[in-house]
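Let's take a walk through a protein model together.

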Amino acid sequence: MGQIDYNSYKQVAITKSKIIHIMKHVETLIKVLRDKGYKVTPQRRVIIEHLVGDKSHPTVEEIYQRVRSVMPEVSRTTIYNTVRELTALGELTEMANLSESGTRYDTDTAPHHHLVCIRCHTLLDIYHDFGGITLLPEETAGYQVVKSQITFYGICPRCQSATQPAQV
Ligand SMILES: [Zn+2]
Ligand SMILES: [Zn+2]
């Protein structure tokens with residue numbers, strides 16, 4: 001009988017509760033799609049399972065590569081269509097081009113901002129309330145403003161350590 005490692009127990013407990021939360025959200029999304037008359041095939045379920053809780057703001061290609069590793073028969077078209085449907089339902093947010101790799105999708109539809117690494121394009125969600133960011137009517141040229149999002153640019157810790165000049 002070994003000693004109980006409370007640290008690893010805590011890890012497992014966190015992972016388990018996180019998984020339960022993720023699965024609930026998967027079922028919610030599937031219900032949303034079904035209610036709107038979309039067919040939820042096993043392939044779509046796998047795609048949704050990959051999307052839920054994905055904080056990387058992936059491109060369609062990245063989603064495709066990840067899903068394909070567990071479901072080799074999945075097509076780019078299926079990924080594209082599922083992403084498009086979820087975006088139309090407001091369950092995914094299409095992001096303005098923040099990198100050359102193409103349109104990214106945000107799985108968190110709650111209002112938040114981003115911090116982007118200018119080297120590797122890794123994105124970090126920023127949940128900071130900046131208060132009322134408003135524009136004057138003469139600045140909006142007749143546009144109806146629906147939301148605002150701030151993007152910060154920086155260099156992530158990994159890229160910082162990769163570019164540290166050698167100590168002389
Ligand atoms: Zn970086
Ligand atoms: Zn985000």
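This is a predicted model: local features need pLDDT of at least 70, side-chain atom pairs count only at pLDDT 80 or more; totals for chains, interfaces and linings use all residues.

**One face of a helix**

Start with helix 2, which covers residues 42–51. Which of its residues are buried? They are R44, I47, I48, H50 and L51. Look down the axis of helix 2 and you'll find these buried residues within an arc of 160°, so they line one face of the helix.

**The core**

Here's a handy bit of background: in soluble globular proteins, nonpolar side chains tend to be buried together. In this model, the largest nonpolar core has 14 residues. Which members touch the most others? That would be I47, I63, V67, I79 and V83. Helix 1 (6–35), helix 2, helix 3 (60–70) and helix 4 (76–88) are the elements that each give two or more residues to this core.

If you skip its neighbours within four places in sequence, V67 is in contact with V46, I47, H50, V74 and I79.

**How the helices pack**

Two packed helices are described by the angle between their axes and the distance between the axes. Here are two pairs to find in the view:

| Helix pair | Axis distance | Angle | Crossing |
|---|---|---|---|
| Helix 2 and helix 3 | within 10 Å | roughly 120° | right-handed |
| Helix 3 and helix 4 | 9 Å | about 120° | right-handed |

With axes crossing at roughly 120°, helix 2 and helix 3 are oblique to each other. On the helix 2 side, V46, I47, H50 and L51 meet I63, R66, V67 and V70 of helix 3.

Now move on to the next pair, where the angle is about 120°. That makes helix 3 oblique to helix 4. Helix 3 brings V60, I63, Y64 and V67 to this contact, while helix 4 brings R76, I79, Y80 and V83.

**Two loop residues with positive phi**

Finally, hop over to the loops. H121 isn't a glycine, yet its phi is positive, about 65°. You'll find H121 in the loop between strand 3 (113–117) and strand 4 (123–126). With 14 other C-beta atoms within 10 Å, H121 is partly exposed.

A141 isn't a glycine either, and its phi is positive at about 50°. Look for A141 in the loop between strand 4 and strand 5 (151–154). Is A141 buried or exposed? A141 has 7 other C-beta atoms within 10 Å, so it counts as exposed, the cut-off for that being 12 or fewer.

Terms used. Residues are numbered from 1 along each chain as its sequence is written. Chains are lettered from A and ligands numbered from 1 in the order in which they are written. A residue is buried if 20 or more other C-beta atoms lie within 10 Å of its own, exposed if 12 or fewer, and partly exposed in between; C-beta atoms are placed from the backbone. Helices (H or I, at least four residues) and strands (E, at least two) are DSSP runs, numbered from the N terminus. The arc is that of the directions from the helix axis to the C-beta atoms. A nonpolar core is a set of buried Ala, Val, Leu, Ile, Met, Phe, Trp, Tyr and Cys residues joined through C-beta atoms within 7 Å. Two residues are in contact if their C-beta atoms, placed from the backbone, lie within 7 Å. Axes are lines fitted to C-alpha atoms, for helices over the stretch in contact, and angles run from 0 to 180 degrees between N-to-C directions. Angles under 35 degrees count as roughly parallel, over 145 as roughly antiparallel, 65 to 115 as roughly perpendicular and the rest as oblique. A crossing is left-handed if the near helix is turned anticlockwise from the far one by less than a right angle, and right-handed if clockwise.
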